[in-house]
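Visitor: I'd like to learn how to read a fold from its strands and helices. Could you walk me through one?

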Amino acid sequence: MILDKQIIERHNNDLMGQHNKKFQLLAEEISGLNEILNKLQRFQIAIPSWALGTGGTRFGRFSGRGEPATLEQKLEDVGLLHALNGSSGAISLHIPWDIPRDVQHIKQLATDLSLSFDAVNSNTFQDQPQQKYSYKYGSLHHVDPRVRQQAVEHNIEVMQYGVELGSKALTIWLADGSSFPGQLNFRDSFLNTLSSMEEIYKHLPADWKLFVEYKAFEPFFYSTTIGDWGQSLLLANKLGPKAYTLVDLGHHLPNANIEQIVSLLMMEGKLGGFHFNDSKYADDDLTAGCIKPYQLFLIFNELIDGMDLRGIDHATGLGWMIDASHNMKDPLLDLLQSVEAIKIAYAQALLVDRVALRKAQHENDIITAQEILQGAFRTDVRPLLAEARYREGAAINPLQLFQKESLREELVRERGEHSVGTGL
Ligand code: LRH
Ligand code: MN
Ligand code: MN
């Protein structure tokens, strides 16, 4: 389903009076308004294919209605999001969940929907039907070189799909780890992972990046071979200049200071990208900003500080992606909420007076430093986001439009009540 432009125009006309009042009030207080709006218009957050269906827990999965069953339908869902918010112009595929059977057709569909292909993700955390060796005891870190080789070859194949589609990065997340003390030799596991990744890195196209994603625990509960940013950074440094650390917000131990991690990875020029989500307990994959919006803001505050210092373009310098998926809400509405929360944090962080903050830091003026940050955080920037969307030809209020136009019902009419998601 492609959203008719006229529906968006009608929606915008209906809301324009109300929107203008709020926008003008805020606009008066903001210096560099057009530059901020321009940055907001350009900022895109990729949507992972696996977030478009209802997620499950290890206890069960309650299917949603009219979920996308094919890669084409997943692209259409992201196209719909992008038409609504003007900020979701890329999709991230997971292989083999999303193997493109007809590459030309998929590329054409993406072009028609104004979408590009973000990082491709490999999967060595599940066994596939025709697979020779099992990943029960890991993949790239495995004690058996034949298993490692199989996992290396899978990653090379994933890159080949990515090249055909126009992706520019490979994300590797490994479930490799152990659940019991003594099960693994930590050093051997790390070195096996390194040599497997070196093999993959050799096949990385010249203009590609390799993202090394870390995660503290799950599915294993004693050790994870790439368990934290230190292990990821070690690998990225040893692999070379095209390898970077990828930060998934849900992959830390409770209360980790993620903004500090981000700051230092940027200092080292080794921050590659982000997976946004939120959590209360573990890798909960909840809607971005639904639990800890201040943390999200503080992360963006460091990101902007680091990107500006290194002259990195906010929109294109790093890989921005949502990695959230759960059991409760309509996935499309949920994704609209995540994108909104991420852009709110970004816009608020753009408001921080960096010169004044530096001055306060140099004078050990904690009160002023806190006032500067919280002043920005407590600004209601939603009219800025709405204005940026309007200027992009998207909807002033995407959530409202989705609900008012009963877009899910339309999808159900097209696809039927019961369709299949990835179930992760
Ligand atoms: C692992 C993870 C990783 C996977 C995705 C499905 O928890 O965050 O990025 O590829 O979930
Ligand atoms: Mn992730
Ligand atoms: Mn995760």
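Visitor: Let's start with strands E9 and E10: do they pair in the parallel or the antiparallel sense?

Guide: First, some housekeeping. This is a predicted model, in which local features need pLDDT of at least 70 and side-chain atom pairs count only at pLDDT 80 or more, while totals for chains, interfaces and linings use all residues. Residues are numbered from 1 along each chain as its sequence is written, and chains are lettered from A and ligands numbered from 1 in the order in which they are written.

Guide: Now the general idea: strands of a sheet pair through backbone hydrogen bonds, either parallel or antiparallel. Here helices (H or I, at least four residues) and strands (E, at least two) are DSSP runs, numbered from the N terminus, and two strands pair if DSSP finds at least two bridges between them. Strand E9 (residues 243–248) pairs with E10 in the parallel sense, over four bridges. Val247 has Phe274 in E10 as its bridge partner.

Visitor: How does the chain get from E9 to E10?

Guide: It passes through helix H8 (residues 258–267), and this β-α-β crossover is right-handed. To call the hand, point the strands away from you: a crossover is right-handed if the path from the first strand over the helix to the second runs clockwise. Another right-handed β-α-β unit is made by E10, helix H9 (residues 293–310) and E11. E10 and strand E11 (residues 319–322) pair in the parallel sense over four bridges, with Trp320 in E11 as the bridge partner of Phe274.

Visitor: What is the strand order in the sheet that holds them?

Guide: It's an open sheet of six strands in the order E4-E5-E7-E9-E10-E11, with parallel pairing. E4 and E11 are at the edges with a single partner strand each, so one side of each lacks a neighbour in the sheet.

Visitor: And how many strands are in the sheet that contains E1?

Guide: Three, in an open sheet ordered E1-E2-E3 with parallel pairing. Its edges are strand E1 (47–48) and strand E3 (116–117), each with a single partner strand, so one side of each has no neighbour in the sheet. E1 joins strand E2 (residues 90–92) over two bridges, and Ile47 has Ile91 in E2 as its partner.

Visitor: What stands opposite Leu170 in E7?

Guide: That's Leu210, and Thr171 stands opposite Phe211 in E7. Five parallel bridges join E5 to strand E7 (residues 209–213). Strand E4 (residues 120–121) is joined to E5 by two bridges, also in parallel, and Val120 stands opposite Leu170. Between E4 and E5 the chain runs through helix H5 (residues 145–165), in a right-handed β-α-β crossover.

Visitor: Which residues of H5 are buried?

Guide: An α-helix has 3.6 residues a turn, so residues three or four places apart point the same way. In H5 the buried ones are Val147, Arg148, Ala151, Val152, His154, Asn155, Val158, Met159 and Gly162. Down the axis of H5 they fall within an arc of 155° (taken from the directions from the helix axis to the C-beta atoms), so they line one face of the helix. On the other side, Pro145 and Arg146 are exposed.

Visitor: Last one: which residues have the most contacts inside the largest nonpolar core?

Guide: In soluble globular proteins, nonpolar side chains tend to be buried together. A nonpolar core is a set of buried Ala, Val, Leu, Ile, Met, Phe, Trp, Tyr and Cys residues joined through C-beta atoms within 7 Å. The largest has 106 residues, and Leu84, Leu170 and Val212 have the most contacts inside it. Its largest share, 12 residues, comes from H10. In helix H10 (residues 331–350), 18 of the 20 residues are buried, so the helix is largely enclosed by the rest of the structure.

Terms used
Buried ≥ 20, exposed ≤ 12 C-beta atoms within 10 Å, placed from the backbone. Expected span 1.5 Å × (residues − 1).
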